[in-house]
Amino acid sequence: MTQKLFEDLGFSPQKAAALKLKTDLHTQIVKAASGHSQHELERILHTSQPRISDLLRGKMSKFSLDMLVGYAEQLGLAPKIETLGRTHGASVGVGTFSD
């Protein structure tokens, strides 16, 4: 998903960048979580089964960026924010994730 998509949906460039970062992080968390059962994820992420279900179903509005960063860390990912320069009107690359 691109930042431009969020801008096209009417979000400000700043909000679009934040949503892009959150979406990218969520995608990586779901990929890392795919090798675990929900019961295992409850233990790994120290949260309840309903929260795990919300996470895996993409209900991102229920999770702050801070919470997602914590989940990524607990799953062995190393999230970081990378600030890149841009020209006027271009999208910003805002996040990378590695394991």
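**Entry 1: overall picture**

I began with contacts (heavy atoms within 4.5 Å): among those in the protein between residues at least 6 apart in sequence, 45% join residues at least 24 apart. A reminder to myself: this is a predicted model, where local features need pLDDT of at least 70, side-chain atom pairs count only at pLDDT 80 or more, and totals for chains, interfaces and linings use all residues. Residues are numbered from 1 along each chain as its sequence is written, and side-chain values use heavy atoms, with hydrogens and water left out.

I then looked up the elements, taking helices (H or I, at least four residues) and strands (E, at least two) as DSSP runs numbered from the N terminus. The protein has five helices and two strands, and along the sequence they read α-α-α-α-α-β-β.

Next came burial, where buried is under 20% relative accessible area, exposed is over 50%, and partly exposed is in between (1.4 Å probe, protein chains only). Of the 99 residues in the protein, 33% are buried. I also noted an accessible surface of about 6,100 Å², with 54% of it belonging to carbon and sulfur atoms; the areas are Shrake-Rupley values with a 1.4 Å probe, and for residues only the protein chains shown count as cover.

**Entry 2: helix α3**

Which residues of α3 are buried? In this helix, residues 38-45, I found Leu41, Ile44 and Leu45 buried. Seen down the axis of α3, they fall within an arc of 80°, so they line one face of the helix; the arc is taken over directions from the helix axis to the C-beta atoms. The buried residues of α3 pack against α2 (13-33), α4 (49-56) and α5 (65-74).

The phi of His46 is near 55°, a positive value in a residue other than glycine. I jotted down that most residues other than glycine have a negative phi. Leaving aside neighbours within four places in sequence, Thr47 is in contact with Glu42, Ile52 and Tyr71.

In α5, I found Leu68, Tyr71 and Ala72 buried. Viewed down the axis of α5, they fall within an arc of 100°, so they line one face of the helix. Their cover includes α2, α3 and α4. After α5 comes Gly76, with a positive phi near 90°.

Of its 14 residues, Ile29, Leu41, Leu45, Leu55, Leu68, Tyr71 and Leu75 touch the most other members. The elements giving two or more residues to this core are α2, α3, α4 and α5. I followed up Leu55: not counting residues up to four places away in sequence, Leu55 touches His26, Ile29, Val30, Leu45, Phe63, Leu68 and Tyr71.

**Entry 3: one more loop**

Last, I looked up Phe11, in the loop between α1 (3-8) and α2. At 34% relative accessibility, Phe11 counts as partly exposed.

Note on methods: A nonpolar core is a set of buried Ala, Val, Leu, Ile, Met, Phe, Trp, Tyr and Cys residues joined through side-chain atoms within 4.5 Å.
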